[in-house]
Amino acid sequence: MANDPVILLDKVNKWYGEFHVLKDIDLAVGKGEKVVICGPSGSGKSTVIRCINRLEEHQRGRIVVDGVELTSDIRSIDAIRRKVGMVFQSFNLFPHLTVIENLTLAPLWVKKTPLKQAQETAMRYLERVKIPEQAHKYPGQLSGGQQQRVAIARALCLKPDIMLFDEPTSALDPEMIKEVLDVMVELAGEGMTMVCVTHEMGFARTVADSMVFMAEGVIVEKAPPKEFFAAPKSERTRQFLSQIIGH
Amino acid sequence: MVTKGAWWNDAGVRAVLYQIVVLGAILLLGWYLVSNTLANLAARNIATGFGFLGREAGFAIGESPLAYAPTDSYARAILVGLANTVIVALVGIAFATLIGLVIGIARLSSNWLVARLATVYVESARNVPVLLHLLFWYALITEALPGPRQALNPIANVFISNRGIKFPLPVWEAAHGWMAAALVVAVAATLVLARWARTRQAETGQPFPIIRVGLALILGLPLLAWLAGGAPTALDRPELKGFNFTGGHTVSPEFVALLLGLTLYTAAFIAEIVRSGILAVSRGQTEAALALGLSRGQVLRLVILPQALRVIIPPLTSQYLNLTKNSSLAVAIGYPDLVSVANTTINQTGQAIEGVALVMAVYLAVSLGIAAFMNWYDKKTALVSR
């Protein structure tokens, strides 16, 4: 993974009013690399990945995605959003559209794909997330796990180079977490670049190339998972790990 | 073991019993009101019934979309009043919806100035009673605008004065018939084209600029028909003769004041309804749509508004009904709406009960019509879940 990073954060700072959420964040993600970000709530981990596709604006520092720097230029933002797919904690499927319409909306309007082709692509991805039979139902008729798998398929329909996951399993019942993680593991196996905020440490161990631990707006530690779990360098990391793995 | 209690403790028996008591009380009250009224009318020698509707009205009506003369019947006069009410209500609903939608979206704008201006409009418009709106606009038009001799003349042949807005109408020629036909053809062609555009987008992915092409057709075809028909330019122009204008077409100050008052008042409420509808769609929807690369306009059109509509339609129906019913305040500024005409009718005939009953029945029918249409539309946009 020594090639040029596809995502580069260089001394990124962000404030919500007086509150300093991100403090000098440096992070480089190589092509095909899988990064898992963890940390206590309020540490700024979600804010970091939301900055990568400009759902949040950073105030100081540089963010470069696939060679394009994120500025207030609308065209560079559009260009990056087309390359970056995102999956949210609360699914955010469009409730007024059927599953297949959810999947084809962006291909139709953003990529100007013919309807038939967009639908074929959508069905392919629905098969990959193993729910093709739900194509003509509405999101409200699906379980949480199914909705999140639809959300992943929706992001994949734009054929992104990078996938961002913002706590994708936190809103799910325990028995549904596995079905979503299985899809993510499969996706990782295909070489997708992934940045994932999650507390699923089992998933992190199997998939991650590097672990990032954040606390109070700072990256405390970045290491390969083996080192990270076996011998964390900082006291803060050790404390956090003992809390989430302890029970 | 099942114990069987006394029959008067049975929930089903009690429910029936209560309903019988309530129904009886209502019937009793109704019988009392009707018999009391009839006795009083008989004691005062007042004839009842709707026979008066056929008699000659004998009063003039200031403006009328239908042919009407004082020698026509009361029924005809009331019909004219109804037509005036329906016109102001329909035009008012259309404008109020448009203005309300724009202001509602503007209130949520990230542009500080736009959002503040919209807020100032909403707060000042909805916190003044609607009757004052009408009096304000009527006073402004009749007092602040100059008389016919000094009338404002913004465009050739259009005159704005305290007697209303005068504008020219073309003198009828065969070419105008052809223009009307061309318009119908253009609308039909646009509908066909819109269908074709949808299929083409489905097949090739290329969107077709249907709005621009459709507009060009709808404006262009009648223009061609007009040119082909020899381009007649004869106009029936308003001309100043003595103290007032003759010729041309007039929009009365009463109509303008009523329309402005009702529209601007109701638009403020509709703006709030639109705003609440948009806010009811969670922030996550916008974020998900943006993350998919949709533009701001597409997010609003394809994701936010379709969901906001579900929340907007029921209270919007109430506002439409309010506007329609508030149009009865027209009587205060002398616009001959249904209530105004019915008032005159009651004064002349003394048939107050029949007159009021008629007005109530008409408003009820109009309101139920609007409500039925909106309910049908609401069902169409309802959300499926489970």
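Author: Let's start with a pair of charged side chains: A:Arg149 and A:Glu179 meet in a salt bridge, 2.9 Å from N to O. A:Arg149 lies in helix α5 (residues 144–156) of chain A and A:Glu179 in helix α6 (residues 174–189) of chain A, so the pair ties together parts that are 30 residues apart in sequence. Before going on, some ground rules: this is a predicted model, where local features need pLDDT of at least 70 and side-chain atom pairs count only at pLDDT 80 or more, while totals for chains, interfaces and linings use all residues. Residues are numbered from 1 along each chain as its sequence is written, chains are lettered from A and ligands numbered from 1 in the order in which they are written, and side-chain values use heavy atoms, with hydrogens and water left out.

Reader: What counts as a salt bridge, and what is a helix or strand here?

Author: A salt bridge is a side-chain nitrogen of Lys or Arg within 4 Å of a carboxyl oxygen of Asp or Glu. Helices (H or I, at least four residues) and strands (E, at least two) are DSSP runs, numbered from the N terminus.

Reader: Are A:Arg149 and A:Glu179 buried, partly exposed or exposed?

Author: Buried means under 20% relative accessible area, exposed over 50%, and partly exposed in between (1.4 Å probe, protein chains only). A:Arg149 has 9% relative accessibility, so it counts as buried. A:Glu179, at 24%, counts as partly exposed.

Reader: How many salt bridges are there over all chains?

Author: A search of the whole structure finds 19. One of them joins A:Arg62 and A:Asp10, at 3.8 Å from N to O. A:Arg62 sits in strand β4 (residues 60–65) of chain A and A:Asp10 in strand β1 (residues 5–16) of chain A, so this pair links parts that are 52 residues apart in sequence. A:Arg62 is partly exposed at 36% relative accessibility, and A:Asp10 is partly exposed at 31%.

Reader: What separates A:Arg238 and A:Glu235 in helix α9 of chain A?

Author: About one helical turn, because they are three residues apart in that helix (residues 235–245). A:Arg238 forms a salt bridge with A:Glu235, the closest N and O atoms being 3.4 Å apart. A:Arg238 is partly exposed at 40%, whereas A:Glu235 is exposed at 52%. Salt bridges can also share partners: A:Lys14, A:Arg50, A:Glu56, B:Arg283 and B:Glu287 are joined that way into one network.

Reader: Okay, on to chain B. Which residues does B:Gly261 touch, not counting residues up to four places away in sequence?

Author: Contact means heavy atoms within 4.5 Å. By that rule, B:Gly261 touches B:His133, B:Leu134 and B:Trp137. B:Gly261 is found in helix α7 (residues 253–280) of chain B and is buried, with 0% relative accessibility. In sequence, B:Gly261 and B:Leu135 are 126 residues apart, yet from C-alpha to C-alpha they are 8.4 Å apart in space.

Reader: And where is B:Gln319 found?

Author: In helix α9 (residues 296–326) of chain B. B:Gln319 is buried too, at 12% relative accessibility. Leaving aside neighbours within four places in sequence, B:Gln319 is in contact with B:Thr266, B:Phe269, B:Ile270 and B:Ile273.
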